[in-house]
Amino acid sequence: LTEALSRPGAFTVFAPTNAAFAKLPAGVLSNLLARPDDLRTILLRHVLPERITTVLIPKGITRIETVGGGIISVIRYVEAIRIKSAFGSANLITGASDFVASNGVLHAVDTIF
């Protein structure tokens, strides 16, 4: 994961909160921690290869490829932004978005997708 995020360029990270990890069924997180490649795959599904702040997300559905190679849909409603993948969906947490970092931007999400 460090290698992927150390590349030149800017990233957008949809970062699951601790509460998002707590939603996982019993035993799933410990299994993922024991299988780093699977955990890496899931986490890279939450990373885009470009910096996208919430003001740049257009209304409607935008499909985009993640750093992990999967396709997600970023859906902007009037008052909310939702992320959908083949594995689930999450909401951006109001007030916990657009955290600027030296190599991109972070948005907290309420679910692992």
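Modeller: In helix α4, which covers residues 36-44, the residues Leu39, Ile42 and Leu44 are buried. Buried means under 20% relative accessible area, exposed means over 50%, and partly exposed lies in between, with a 1.4 Å probe and protein chains only. Helices (H or I, at least four residues) and strands (E, at least two) are DSSP runs, numbered from the N terminus. The buried residues of α4 pack against α1 (2-5), α3 (28-34) and β2, where contact means heavy atoms within 4.5 Å.

The model is predicted, with local features needing pLDDT of at least 70 and side-chain atom pairs counting only at pLDDT 80 or more, while totals for chains, interfaces and linings use all residues. Residues are numbered from 1 along each chain as its sequence is written, and side-chain values use heavy atoms, with hydrogens and water left out.

Four strands form an open sheet of mixed pairing, in the order β2-β1-β8-β7. Its edge strands are β2 (47-48) and β7 (99-101), each of which pairs on one side only. Two strands pair if DSSP finds at least two bridges between them. In general, strands of a sheet pair through backbone hydrogen bonds, either parallel or antiparallel.

Strand β8 is the part I would look at closely. Five of its six residues are buried, so β8 is largely enclosed by the rest of the structure. On one side, strand β1 (residues 11-16) runs parallel to β8 and is joined to it by six bridges. One of the pairs here is Pro16, whose bridge partner in β8 is Val109.

Phe99 is worth a separate note. This residue lies in strand β7, and at 43% relative accessibility Phe99 counts as partly exposed. Leaving aside neighbours within four places in sequence, Phe99 is in contact with Gly104, Val105 and Leu106. The C-alpha atoms of Phe99 and Val13 are separated by 9.7 Å, although the two residues are 86 apart along the chain.

Ala20 has its place in α2 (residues 18-22). With a relative accessible area of 1%, Ala20 is buried. Not counting residues up to four places away in sequence, Ala20 touches Val109, Asp110, Thr111 and Ile112. Ala20 and Leu92 are 72 residues apart in sequence, yet 11 Å apart in space, C-alpha to C-alpha.

Leu92 in turn belongs to the lining of the largest pocket, together with Thr54, Arg76, Val78, Glu79, Ala80, Ile81, Ile93, Thr94, Gly95 and Ser97. On a 1 Å grid over the protein atoms alone, a pocket is an open set of points with protein on both sides within 12 Å along at least five of seven lines, whereas a cavity is a set where a 1.4 Å probe fits but cannot get out; lining residues have an atom within 4 Å of a point. The largest pocket holds about 170 Å³ of space. Its volume is the space filled by probe spheres set on the points, which are joined across faces, edges and corners. The lining divides into five nonpolar, four polar and two charged residues. Ala, Val, Leu, Ile, Met, Phe, Trp, Tyr, Cys and Pro count as nonpolar, Asp, Glu, Lys and Arg as charged, and the others, Gly among them, as polar.

Ile81, one of the lining residues, falls within strand β5 (residues 81-85), which runs antiparallel to strand β6 (residues 88-91) and is joined to it by four bridges. A hairpin of two residues joins β5 to β6. The bridge partner of Ile83 in β6 is Ala90.

For the chain as a whole, the secondary structure comes to four helices and eight strands. From the N terminus on, the elements run α-β-α-α-α-β-β-β-β-β-β-β. Buried residues make up 37% of the 113 residues. Among contacts with a separation of 6 or more, residues 24 or more positions apart account for 52%.
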